[in-house]
Each structure stands twice: as structure tokens, then as C-alpha cells.
Amino acid sequence: MTATSDLDDSFHVFDTTLRDGAQREGINLTVADKLAIARHLDDFGVGFIEGGWPGANPRDTEFFARAQQEIDFRHAQLVAFGATRRACTTAAEDPQVRALLESGAQVITLVAKSHDRHVELALRTTLDENLAMVGDTVSFLKEQGRRVFIDCEHFFDGYRANPEYAKAVVRTASEAGADVVVLCDTNGGMLPAQIQAVVSTVLADTGARLGIHAQDDTGCAVANTLAAVDAGATHVQCTANGYGERVGNANLFPVVAALELKYGKKVLPEGHLREMTRISHAIAEVVNLTPSTHQPYVGLSAFAHKAGLHASAIKVDPDLYQHIDPELVGNTMRMLVSDMAGRASIELKGKELGVDLGGDRELVGRVVERVKERELKGYTYEAADASFELLLRAEVQGGPLRYFEVESWRAIVEDRPDGSHANEATVKLWAKGERIVATAEGNGPVHALDSSLRVGLEKIYPQLAKLELVDYKVRILEGKHGTNSTTRVLISTSDGTGEWSTVGVADNVIAASWQALEDAYTYGLLRAGVAPAE
């Protein structure tokens, strides 16, 4: 089912993640994946979702059939992608044009050649026949009641080689009834000033409604898209998280954020911009790619502050080091604690974590010095908020939180004659006045330690049953060499509703892992609201 956009038609946000974005190396979408992404994009509120090329492959054909049955589009219109008819035939007789109609999509994007050399070398036809192919295909689809957008492939390179012919393709498409003629920087080699100049000239010379499709090979796709808007383009084609062939396409999220927050254009339904961070991360999960932490607007680090100078200013006014309020795009400001931290960083981080430092300058000073001392030894707290919070609470309360006392632990790896290994760990500890000895096996020594700690404590603290180790990273620190190096371990743990990270540093990976595990379990109990032992 296709919705009618609840925005006016004066400006289009057109998403091509399911078609152009899917061409990124490492992305291989199933029909179920495409349906899930389409739902997310519709939730975000884009006006058009290009679903693929029906008739070109069974997956895209199935997607269009299922999407119109299974998705109740509230904001977006589903778009089918195809090509102008073949040379020396008619659009009505062309099977791939017929497949576009059979897809049921009410909006169709046609790719057309606008570079004279591509016409002659790739299509192997004449320049006049190419114009006829454009005009005939657009006219036929319009007669069938479809809305038609034309993607002028390699437009900017073609314009540089033969500007009059490139403009002739635009005129032909527009005069045949194309709703929008999209100028494509297919090779991604243009720069913003060049884009703006060409779009301005083509708009003045043809009078067509123009759109922009920018690849990111110069790192300028978002800037090029906005430059085209400055020149009069009213249709932008983008992909979620900038996915696409080679280095990608114009990233949907910074383009939309710029249009709404910097240009003042209403391109999404009311309130939907706040969903941007969630949508970005949800789509990344579907395509099985880790979300970029440094992506503008939606990245985890987009509003993260580390330098003490920045923190001092942010304490007075967050706008001094932030170009927008992160809540506008569904993100949050984060304070990073490191050896670069000053008093303001600690105070702001304490506030973020819900730890009241009460304006105690001596206390804050101790925490600053403690952090710097620990980071000198190899600890890192910018990636381990849970370990930092435990350190902070220990300073506030005059001692560490204690849910259990460790007497000893050991991990054994047994190398067997058949080449297999057995991993076993034993922990001896005290909890609530009871001495506990627990032994467990695991897939490796760290997993065995994790299992033995869980076996030992779950009877006393049943809340630990929900905990799951979800990520484990090891880094060998500089200063020593080989097996004599200092090791840092970062562990991420989940209780099903949230995640936290803890850090350990030692002269061997097992000891460092044990430290991180202790912090992970301690923080998990704190998070569950369990009172520490007296």
C-alpha cells in the first residue's frame, strides 16, 4: 500500500538505500532485510523509497510484490527503478518497461544516458536515438498514469564534454512530462562550486525541475547535494548512512538535518527528525554493519567532549562547543573522561551519571588526579563509563562498592594430545558472610572465569542471571614488547535492557580480563538496585 506524503510536493527527499545503497561492498540484502529497511525509512518520513529494479532480478520483483501487500506506508511512496527503452523499439514493446508497470509502483525512476560518449560506446546508438528513447519512455509511462523521475547518468561529466547535448537530454525528458530530472554525479568527482554553477546554468537554460544525485568519491557528496539545493534543485537523492558503491552516496541523515535545521526547510513530518539517530542505527543493524561512531549528527561521538577546555565552556553553555542541541536529532551529549580531563569534565560526567559531587572541589580534584594516574598505567575511561562510575562512587563514598570479596582465582588451560583444549577456572570469594568456591568450564580461560564467577554468585545475587558478555576487546599497550607487554581489556556487558563497558589493565590478558569482569558484575548489581554489602 502506498501513502500520499503528508508534506507538500515542493521539495523531495528521495531515498535509494534499497537500490544504490545496496551496491556497497559487504551489503547483501534479503527481501526481509529490504522490507525492514523500508519500514524504518517510512517511519523516518522520507517522501520516496526506491525499492530496486523489478524484472531485473527475482529478489527485487518479490520485494515490490510483498511491500505493497505487507507495508502500510504512512509517509513514503514506493519507487521502481529501471531504464529507458532499448534502441530501435518502442517503450510499449520493451519487456523491462513493462516490468516497471507490473511492479505496481506509482512512481518510476528511469536512468538515461546524458554523456555523449556513453551513448555511443555503451548504448551503441546515435545521439538522436537516445533522445527518442528518453522521450518515448517518459511519455509512455505518463500515459499509464505513472509519475516519472529521470536520472541523467554521468550528467556532470557529460556536461563538461558536451554541454548542449547534456541539456538536450534534460529538455527532452522535461518536455515529455518527467516530473523531475535528476542530475547525477555518477563518478563522484565534482566539487561544490562546480555543482552549483552547472545546476544554476541548466535550470536557467531548460526550466526543468531539477534534482541531485551525488556520489562521495571526493568526500563532498553531502556538500555537493546542498550546493545543488542552493542552485535551485528541489529533489535530493540520498542513502541511509551514506551506503553505496565504492565510497558511497550522499548521506541521508546529514542532508536532512542540514535542510531542516540549517536551511529551515520542512522536509520531514513534524517531530520525525528526533527519530534520526534511532533510524540510522536500526538500519545499520539490518545491513549488519557497525554504526559509525563519528558520523555527523547521529554518531555516538557526534556530541562527545573530551578536552578539559571544552568541558569548562560546556559547563557554562553547551552551545559554546555544539552546533545544535543533540536532542533535536535524537542524540545525546556525552562527556569523555581521560587524562585530558579537567574539573569541569568530571563535574559534568558526574551529573551525566547521576552522581552528585556537591561542588566539592577537593573531591573533584582527587578524581581528576586518580583518572590521570590510572590512565598513565594504561586504563581508558572514555570507552568504559561503568568502570569510571565505580571509581567516582568509590571516591565519593570513601571506598569501593563491595558486593563480594575475592580470595583468589585461577584459570587452567589443558592442552590435550588430540589437539583440543580444556579451559577450567576456579574462584574463591566471600559474599554476604558466606565463603564460596566455584569451578566452571568455558570456551576459553576468560569465558571459564566468567562462568565460575556467575556460578558462585548467582545463588546470592539472582539478578546476575540476566547478565551477558556481549563484546570483548584486547589491546597490547606500548612500552614493552611481545609477551611481556601490558594488556588492556575492554568488556561490554548487557542485562537485556542496556549495555555498559568496563576496563582492566595488567601484565597478562587473564588478569586484565578478571579486573574488567569484576567491574562488570559490580556495576550490574548496582544497576539492578542491589544494596552493597556493609
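**Entry 1**

I looked up valine 509 and found it in helix H17, residues 509-527; helices (H or I, at least four residues) and strands (E, at least two) are DSSP runs numbered from the N terminus. The model is predicted, so I note that local features need pLDDT of at least 70 and side-chain atom pairs pLDDT 80 or more, while totals for chains, interfaces and linings use all residues. Residues are numbered from 1 along each chain as its sequence is written, and side-chain values use heavy atoms, without hydrogens and water.

I recorded valine 509 as partly exposed because its relative accessibility is 31%, the class between buried (under 20%) and exposed (over 50%), with a 1.4 Å probe and protein chains only.

**Entry 1: The cavity**

I searched for cavities, sets of points on a 1 Å grid where a 1.4 Å probe fits but cannot get out, and found 1 of 30 Å³ or more. The largest cavity holds about 40 Å³ of space, the volume filled by probe spheres set on the points.

I noted Asp450, Arg454, Thr493 and Tyr521 among its lining residues, which have an atom within 4 Å of a point. H17 supplies the largest share of this lining, 3 residues.

How values were computed. 1 Å grid on protein atoms, 1.4 Å probe; cavity = no way out; pocket = protein on both sides within 12 Å on 5 of 7 lines; lining within 4 Å.
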